[in-house]
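Student: Could you take me through a close look at one part of this model, and then follow on from there?

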Amino acid sequence: MKNKFKYLIKYSLKKKIDTKWFKIVNVLLLILIVFLVNMDYLINLFGGDFEDKEKIYVVDNVGSFDTFSSYFNALASELDNGEYEIILDQDILQDESAIDDEVIVVLNPSNTEYLEGEIVSFDTVSRTTYEMIVNTMNAVKSELVLNTSGLTPEQIASLTNPVEITERVLNSDAQNNETKENVGAIVTTVLIVPFFILIITMVQMLGAEINDEKTSRGMEIIISSVPAKTHFISKVIAALSYVLIQGALLLIFCGIAMLLRSVLATSAEATGTVSMFSEIITMLKSAGIFSLLAKGSIVLIILFVVSFIAYAIAAAILASMTTNIEDFQQLQTPLMIIMLVGYYVALMAVMFDGSIFIEIMAYIPLLSVMIAPTLYLIGEMSLLSLALSTLLTVVVTYFLYKYGLRIYKVGILNYSSSKLWRKMFKSLGNKE
């Protein structure tokens, strides 16, 4: 019997993995992940003037070019936008028909307003560039006013220097809101989104496989050789093995994409990338994420694995009740709704800080796998609460298996949809 059980697992796993579609999909996933991670390099690879700085020509009739240039560059640096080059050209407007993609700023004196400005361009100037030019002109005007006020250079410097502001938040909880939002975004991206995708893939493939066996009448041959219980467990284990393999492949693909990015990057860009990851790691460390992961890693792994098993059991039960893949797709809708609810509640967990409703949802099996880890890692759920949520998932998964097996035994050899629900509910009272 053990050999048959191993054979069923191996056969089911082989049907999922040893196929052209599995290989094609994973090749496409690799290409997609590499493209998304290295999109900027790949776009530049096909040519274009994306790396060229936008040139802003200044016609200075008030003698404030240096002031304009320094203010504009400071503003661009503050906004982390260094794609501009400021050029003084007094004669650029002599031939307006030659203007193409240039942006020209004209500074003129005014008897009443101190400064008048004009922006000349062939096409419409982007809103960001326009706002930066306007803000710079206002700064130039302020300096012109101060220079004609009779103030000393020290007084002018003190007036034009930025105000030194020290932020002091009395509510200690509010200080962590931004960090929580950033951590929540990372948790949902790294943990919840891949889990959501893998669950959907597993449910679809498990339903398709069981319905294929029923449609081809191969199920009768299998059940005549092994008990329905053995077949049921083999399907669940094969599905679990599949998602673990696919999850490992996704991690490898991300690693390849990041490695390729480090190879393509220049020394300055590589330093920037390292700095970005360093900032993220520092933020996660300061938020206590690594210590939380170290304490709750075993509980989190159990929660994810058991939840995968629970979804696999539910998918197998639903597939056994149907006679074709079309019926299964309709019947799996409630399962998809459950997954979507868990996914969206996990996304909203950070926005609705301290929500009792979300905390309650974190204890509901099938939903808890997406909500509880998010709440735990942002500090809204204790390790004991996470363990309790995991325990509830384990208990519900056990009963789902126990009573689901009874439905599976009846449904797996059922080829008629007539009185199907009555048969299913009646089977719940049968002893194994």
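Tutor: Let's start with Arg 127, which makes a salt bridge to Glu 131. Their closest N and O atoms sit 3.3 Å apart, and keep in mind that this is a predicted model. Both residues belong to helix α5, which covers residues 127-147. Arg 127 and Glu 131 are four residues apart, or about one turn of the helix. The count of salt bridges comes to two.

Now over to helix packing. Helix α11 (residues 289-321) packs against helix α15 (residues 368-377) at an angle of about 175°, and their axes are 10 Å apart. Angles over 145 degrees count as roughly antiparallel, so α11 is roughly antiparallel to α15. On the α11 side, the contact residues include Ile 289, Leu 292, Lys 295, Leu 303, Phe 304 and Tyr 311. From α15 come, among them, Val 369, Met 370, Pro 373 and Tyr 376. Sorted by class, this contact has 13 nonpolar, three polar and one charged residues.

The patch has about 870 Å² of accessible area together, and its members include Ile 298, Ile 302, Leu 388, Val 395, Phe 399 and Tyr 403. Helix α16 gives the largest share, eight residues, and Phe 399 is found in α16.

Terms used:
Residues numbered from 1 in each chain as written. Predicted model: local features only at pLDDT ≥ 70, side-chain atom pairs only at ≥ 80, totals over all residues. Heavy atoms only, no water. Axes fitted to C-alpha atoms, helices over the stretch in contact; angles between N-to-C directions. Helix = DSSP H or I, 4+ residues; strand = E, 2+ residues; numbered from the N terminus. Parallel < 35°, antiparallel > 145°, perpendicular 65-115°, else oblique. Contact = heavy atoms within 4.5 Å. Nonpolar A, V, L, I, M, F, W, Y, C, P; charged D, E, K, R; others polar. Patch = residues over 30% accessible without salt bridge, like charges linked within 9 Å, V, L, I, M, F, W, Y side chains within 5 Å. Areas by Shrake-Rupley, 256 points an atom, 1.4 Å probe, with all protein chains shown as cover. Salt bridge = Lys/Arg side-chain N within 4 Å of Asp/Glu carboxyl O.
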